[in-house]
Amino acid sequence: MFFPRIILILWIGLNVIALLQTLLKPEDAGGIASWVRISVVVLAALIYVNLIGSEGFFIPSVIFALICLPALGIRSPAIVAVFAVAVPGALVLLFNHSLGMPLPTSRFTHLF
């Protein structure tokens, strides 16, 4: 099994635990703000995990961030765009070019 896929599966597991913890909290605490937001993030994460092996790391990560950041309440287009490109780009530079642990590459280019 590829290393980032293991991390992503663990990340989804932690999110499921956090969701269950939120659902089981006392009634006097505030509820989930929006089931639509949670559904969008969960669906995007499932698609992302399945695409990362075939389409590479960078492009699905950018698309995932462009979908999830607005769903989680970050509305500034500049912040969303910079974050969506900078974080996956930094991870590609770190893993592929510095650590020598290659992330899945795109079928469009070997650079990312």
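The secondary structure of the protein chain comes to four helices and zero strands, where helices (H or I, at least four residues) and strands (E, at least two) are DSSP runs numbered from the N terminus. The model is predicted: local features need pLDDT of at least 70, side-chain atom pairs count only at pLDDT 80 or more, and totals for chains, interfaces and linings use all residues. Residues are numbered from 1 along each chain as its sequence is written, and side-chain values use heavy atoms, with hydrogens and water left out.

**Exercise 1.** Work out how α2 is oriented relative to α3.

Solution. Step one: take helix α2 (residues 35–55) and helix α3 (residues 58–71), which pack at an angle of about 175° with axes 9 Å apart. Axes are lines fitted to C-alpha atoms, for helices over the stretch in contact, and angles run from 0 to 180 degrees between N-to-C directions. Step two: the angle makes α2 roughly antiparallel to α3, a label for angles over 145 degrees.

Step three: list the residues in contact (heavy atoms within 4.5 Å). From α2 they include Val41, Ala44, Ala45, Tyr48 and Ile52; the α3 side includes Pro60, Ser61, Phe64 and Cys68. By class, this contact has twelve nonpolar, one polar and two charged residues. Ala, Val, Leu, Ile, Met, Phe, Trp, Tyr, Cys and Pro count as nonpolar, Asp, Glu, Lys and Arg as charged, and the others, Gly among them, as polar.

**Exercise 2.** Find the buried residues of α2, then classify Thr109.

Solution. Buried means under 20% relative accessible area, exposed over 50%, partly exposed in between (1.4 Å probe, protein chains only). The buried residues of α2 are Val41, Ala44, Ala45, Tyr48, Val49, Ile52 and Glu55. Thr109 lies in the segment after α4 (77–99). Its relative accessible area is 21%, so Thr109 is partly exposed. Thr109 and Gly56 are 53 residues apart in sequence and 9.5 Å apart in space, C-alpha to C-alpha.

How values were computed. Angles under 35 degrees count as roughly parallel, over 145 as roughly antiparallel, 65 to 115 as roughly perpendicular and the rest as oblique.
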